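I opened the model today to look up a few of its features one at a time. These are my entries, in the order in which I made them.

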Amino acid sequence: MNKALHFKDKPRTPFKIVGKGVPVKDAREKVCGTLKYGVDASAHGMAYGKILRSTKPHARIKRIDASKALELGGVLAVITHEDCPQLNWENAWFNYRGKIMDGIARFVGDEIGAVAAMSEEIAQQAIEMIEVEYEPLPTVFDPEEAMKPDAPQLREEGNVREPYIVEWGDTAAGEAESDFIVECDIKFDSQQYAPLGRNACVAEWSDDRVTVWTASQTPSELRDAIHEALGIPQSKVRVCAMPSGSSFGSWWANSFMVVTAMLARKAGRAVKIELTNWECMATVKRRHNEITRGRMGVRKDGTLTLAQFDHIIDNGAYGFKDDVGFFCVDLWGRAMHGHYAVHGVNTNTLTAGCMRGVGDVTLGAAVERLADMCAEKVDMDPLDFRLKNQIRSGELLRMQHAKRYMHGNLEEYLKGIPEESRKMWPRLFHLSSGSTEQILTDGGKAFRWKERWKGWRNPGTIDGPKRRAVGVGTGAHVCGVEFEGSTSAVVRINPDGSAKVHCSVGRQGQGSETTQSQVAAEVLGIPFDRIEIETGDTDSCPWSHGSLASNTMYRVGFATWAAAIDARQQLLAMAAREFFDGDPDELDIDDGIIRYAGRPDSNVRVTIEEAMNHFRGHDTLGQTSSITGRNSIPMPPATTFARHFAAHFVELEVDTETGEIRLLDWLACQDSGTVMNPQVLKNQMIGGAICGAGFALYEGLMFAEDGSIRNAALLDYKLLRAADFPLNGEVVYGDSYDPVGPFGARGAGEAPIAAAGPAICQAVYNAIGVWVDMPMTPERVLRALGRI
Amino acid sequence: MIELRVNGKKYEVEARPHDRLSTVLRDRLFLHGVRVSCTEGECGSCTILLDSVPVTSCMVLAMQAEGRDIVTIEGLGTPDNVHPIQQAYIEEQGFQCGFCTPGFIMATKAFLDRNPSPTEEEAALAISGNICRCGAYPYIVRSVMKAAEKLRQQKASAAD
């Protein structure tokens, strides 16, 4: 067997390109402004679309009259619910379930019609000329109200999802075994993706086939969505996903993209719908409003005895989630007895969906707060308390319910896996590698935690009204999930000796095009700059889960790695036969040159380009003109063993007179296994910290009485600026090696945002002695202090 | 019709009285490096130089820019021949998605023209009119500092 297939162990020889901080592939295009994003999409002769949006939070469309709009010069087509196929479609991870325009508006901003015209201005004018008569329906905005049996129901399935429960041990016993019990009742604000970069969609039909250009993290899932919503075969949909601006889960398959496809069909020509910033913030998606009620128990020796949480997530109008990716359950899984219940519910507000670190940013923050309260009760340092109570590599995971969402039955799936592959898998439902142990220890040293930590509610320094203190927070998240499909990739070796990777992960700025290329380059022995990659075109990329759930490096990376191995084996088998007198396993490829691996005496060498040209056959009958590798090694179910971890340290200052919080020092630490590209990873870590700090300090949507959003504009929704965050940008990496991920790497993007908020909350508590709910605006700090 | 001078070239373009400069630059001159996000002067993505002063071009009417010197990111460097500031951003990876990057680079240009040897704190304040939602700020500040160094070296070697 090829040595590369022994993927359990860290190789003794250093990697060629894995671990190198090469600039991302599109760096030049980004700094020169030449990269084309979704908003830059265009098609020759295209029309411009605008969407008519409901002004009512819940209403039946009694009458909709577009006759005046259609008379306006330059108007090409109008669609309303009467033109729509009335088919349910579902976004990845239940971020949407419903129909496009079914004659009922379920939130202010919901789509009820659309116009295509010769210009955007004409389209907007036409929208204003459409007469709509609404029949108001009863409304519900508060998730707890929406859970009551007599609440107005938004959808045929009802408002409330079946609770998603994870439990182990016996909570009553846990309570009895506890020396102290602590409790919390927290209502989280809803964070907005605030996707700088907005988005647009261009759709064009050719006969019965539609091509869609838009920014999306999930090209394959978007193709599925259009197929479902329009009732046309998957083969009749081509998605060309373009790079997005900061997305964080915002741009997957979004309803406005489906509307564009429908409008283009009616208009009989290409149509572009470009969303305004208000539409991006008020009509697409947001993080859930969440409510956590929890209890935790602890023994005097610091052992966690009980973790008991009830968590409500408000899905808004079209979200359909009942679980959140709550991997804080596994992180704190050493608790002896546990019960976590998550309740998904719908309200007449903007749809909620998965935003970066979903569940772990909210429920995780509640768990961290209660764990801190436990640590204070037994007077333990929060860092030591985490070392004592957090999961380590090899231990049992509590999220056993992965089975519930597996298509088919997990046992059945396992039966279909060849024994040879199965033997190489880690133990399912146990953590395969990594933990917070090393990053807490190394990070603590780098931050000088032991020196700077002065005990609970003990600020390091007090200067008049200003109090400084430190805090540490931890977070975990998954490394991709398989509940909604597998991953595939294709790696092709071209006649010129270059290679092309085809994997459908989209591009949202996190560098996936670069890290996937590094994986392929390492396997193939082809120089990094001779690897090209396509991540958005569903006509050339096989189906794959996109960049979501920290899937990219781990599961898509596995597919890319496996496909590259297949291509390499094909290449070496032919090269061995044609050029070398030996076994393909004796050959190696380095810098694009094939040679014997362990025979310094042999100077037989052939470049991939020479070999490929030989196989292609100039003056003889050729065997092939290119080599296509596919991923034929089954991917083990990642949810059942892989997590990534973050630990963040902060020093901050609270002004008890103004309520202002200033971040003074920050250290981000992360265990994502092998660091594929330190430049990429550190940006994920610090970027996650800044987005998490935004959630902790400033960000929260404000809802009006009709459920509409009052601050859907960057003027009114405050984000951190450069001067608001410590400038040092230092990071610490763990050095665990994963037995499954490509070259030992795991997921990366979501644990950091989960760790940031808890670190800030704890430091604020140490500074002023009270827990403040996020976002900790000056007003909330002063209220918590009893000053206003 | 108005006449605009953009990146050293003259253009005759159609512009109505209410057209924003950003719209004209993007939709009529196809300078897509002018990124538009908030359209209310808050995010800084559409920052350009107007007579060497950084402005958010979504807040300037096209007609107000007539006869003035406009520089966009396209006027700074090209992928084949990047400007030292752009090179510094690449080396320090002062971005993730890159959407806000042209705006940050134009703000950096104006700042370093004014203050060639800044402190980190001055640099952070100077780019605080721009939002990077990906949160690359510490590395953007490093990029500004490295750009300053590159430009000082370039000036010194030109003087030799």
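**Entry 1: a run of paired strands**

I began with strand E23 (residues 587-590) of chain A, which pairs with strand E24 (residues 593-596) of chain A in the antiparallel sense over four bridges. Strands here are DSSP runs of type E with at least two residues, helices are runs of type H or I with at least four, and both are numbered from the N terminus; two strands pair if DSSP finds at least two bridges between them. In this pair A:Asp590 stands opposite A:Ile593 in E24(A). E23(A) and E24(A) form a hairpin with two residues between them, and A:Asp591 in the turn has a positive phi of about 55 degrees.

I then followed E24(A) to its pairing with strand E25 (residues 605-607) of chain A, which is antiparallel over three bridges; here A:Ile594 stands opposite A:Val606 in E25(A). I reminded myself that strands of a sheet pair through backbone hydrogen bonds, either parallel or antiparallel.

Before going on I noted that this is a predicted model, in which local features need pLDDT of at least 70 and side-chain atom pairs count only at pLDDT 80 or more, while totals for chains, interfaces and linings use all residues. Residues are numbered from 1 along each chain as its sequence is written, and chains are lettered from A and ligands numbered from 1 in the order in which they are written.

**Entry 2: helix H19 and its cover**

Which residues of helix H19 (residues 608-616) of chain A are buried? I found A:Ile608, A:Ala611, A:Met612 and A:Phe615, where buried means that 20 or more other C-beta atoms lie within 10 Å of a residue's own, exposed means 12 or fewer, and partly exposed lies in between, with C-beta atoms placed from the backbone. They cover an arc of only 95 degrees around the axis, which puts them on the same side of H19(A); the arc is that of the directions from the helix axis to the C-beta atoms. An α-helix has 3.6 residues a turn, so residues three or four places apart point the same way.

The cover over these buried residues includes strand E20 (490-493), H18, E24 and E25 of chain A, and I counted two residues as in contact if their C-beta atoms, placed from the backbone, lie within 7 Å. After H19(A) comes A:Gly617, whose phi is positive, near 80 degrees.

**Entry 3: the largest nonpolar core**

Which residues touch the most other members of the largest nonpolar core? Of its 304 residues, they are A:Ile760 and A:Val764, a nonpolar core being a set of buried Ala, Val, Leu, Ile, Met, Phe, Trp, Tyr and Cys residues joined through C-beta atoms within 7 Å. Helix H18 (residues 552-578) of chain A gives the largest share of this core, 14 residues. When I left aside the neighbours within four places in sequence, I found A:Val764 in contact with A:Leu652, A:Val654, A:Ile661, A:Val772 and A:Met776.

**Entry 4: backbone details in loops**

I looked at A:Pro775, in the loop between helix H21 (751-768) and helix H22 (778-784) of chain A, and saw that a cis peptide bond joins A:Met774 to A:Pro775, with omega about -5 degrees.

Is A:Ala549 buried or exposed? A:Ala549 counts as buried because it has 28 C-beta neighbours inside 10 Å. This residue lies in the loop between strand E22 (531-534) and H18 of chain A, and its phi is near 55 degrees, a positive value in a residue other than glycine.

A:Asp379, in the loop between helix H10 (363-377) and helix H11 (382-389) of chain A, also has a positive phi, of about 50 degrees, although it is not a glycine. A:Asp379 is exposed, with 10 other C-beta atoms within 10 Å.

**Entry 5**

Chain B has five helices and five strands, which run β-β-α-β-β-β-α-α-α-α from the N terminus on. Of its 160 residues, 54% count as buried.

Finally, I noted that the contact takes 42 residues from chain A and 44 residues from chain B. Helix H1 (27-32) and helix H20 (678-697) of chain A each supply at least two residues of the side of chain A that touches chain B.
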